[in-house]
Amino acid sequence: MAYNILDVAKDFVKGELEYAGGQTELDRLDICGTCDAKVAGMCTACGCVIHLKVKMAKSECPMGLWGPVLTEGERSTLDD
Ligand code: SF4
């Protein structure tokens, strides 16, 4: 299931909300900026506010145009 606003709220409460980071956010915004699903700053495919959606590490485009990035916890697991 896609990472949605309820997941964001749960991660925030648990102190586990992670951000994608500057360049990833910009890359995602570039893709959304050319997408027909973007209407008035909203993604009509998922109903999210795009400038918030692109900030979350676990977010992904519902049409597969961009995906989640590794969170800090996932990166540290790979380093082990
Ligand atoms: S999240 Fe995906 S479908 Fe939605 S506006 Fe961005 S590129 Fe388009």
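Helices (H or I, at least four residues) and strands (E, at least two) are taken here as DSSP runs, numbered from the N terminus.

Me: How many helices and strands does the chain have, and in what order do the elements run?
Reply: This is a predicted model, and its secondary structure comes to four helices and two strands. Read from the N terminus on, the order of the elements is α-α-β-β-α-α.

Me: What does the radius of gyration say about the chain, and what is its value?
Reply: The globule rule gives 12 Å for 80 residues, and the value for this chain is close to that, so the chain is as compact as a globular protein of that length. Along the principal axes, its C-alpha atoms fill a box of roughly 40 × 25 × 20 Å. The radius of gyration itself is 13 Å.

Me: Which element of the chain has the lowest mean pLDDT, and which the highest?
Reply: The chain as a whole averages a pLDDT of 91, with 99% of the residues scoring at least 70. Among its elements, the highest mean, 97, belongs to strand β1 (residues 38–39), while the lowest, 74, belongs to α4.

Me: How many of the nine residues of helix α1 are buried?
Reply: Helix α1 takes in residues 5–13 and lies largely in the open; the residue Gly15, whose phi is positive, near 70°, follows this helix. In the chain of 80 residues, 14% count as buried, but in α1 the number buried is zero.

Me: Which residues make up the largest nonpolar core?
Reply: In soluble globular proteins, nonpolar side chains tend to be buried together. Here the largest nonpolar core has six residues, and one of them, Cys48, touches Cys43 and Lys53 when residues up to four places away in sequence are not counted. The members of this core are Ala20, Cys32, Cys48, Ile50, Val54 and Met56.

Me: Which charged residue belongs to the shell around the ligand?
Reply: By class, the shell has eleven nonpolar residues, no polar ones and one charged residue. The residues surrounding the ligand are Ile31, Cys32, Cys35, Ala37, Lys38, Cys43, Ala45, Ile50, Cys61, Pro62, Met63 and Leu65.

Me: Is Val49 buried or exposed?
Reply: Val49 has its place in the loop between β2 (42–43) and α3 (50–53), and it touches Gly41 and Met42, leaving aside residues up to four places away in sequence. Gly64 is 15 residues from Val49 in sequence and 17 Å from it in space, C-alpha to C-alpha. With 12 other C-beta atoms within 10 Å, Val49 is exposed.

Me: What is the phi of Ala40, and where does this residue lie?
Reply: Ala40 is exposed, with 7 other C-beta atoms within 10 Å, and it lies in the loop between β1 and β2. Its phi is positive in a residue other than glycine, with a value near 50°.

Technical notes: Residues are numbered from 1 along each chain as its sequence is written. A residue is near a molecule or strand if its C-beta atom, placed from the backbone, lies within 6 Å of it. Ala, Val, Leu, Ile, Met, Phe, Trp, Tyr, Cys and Pro count as nonpolar, Asp, Glu, Lys and Arg as charged, and the others, Gly among them, as polar. A nonpolar core is a set of buried Ala, Val, Leu, Ile, Met, Phe, Trp, Tyr and Cys residues joined through C-beta atoms within 7 Å. A residue is buried if 20 or more other C-beta atoms lie within 10 Å of its own, exposed if 12 or fewer, and partly exposed in between; C-beta atoms are placed from the backbone. Two residues are in contact if their C-beta atoms, placed from the backbone, lie within 7 Å. pLDDT is the predictor's confidence in each residue, from 0 to 100. The radius of gyration is taken over C-alpha atoms; the globule rule is 2.2 Å times the number of residues to the power 0.38.
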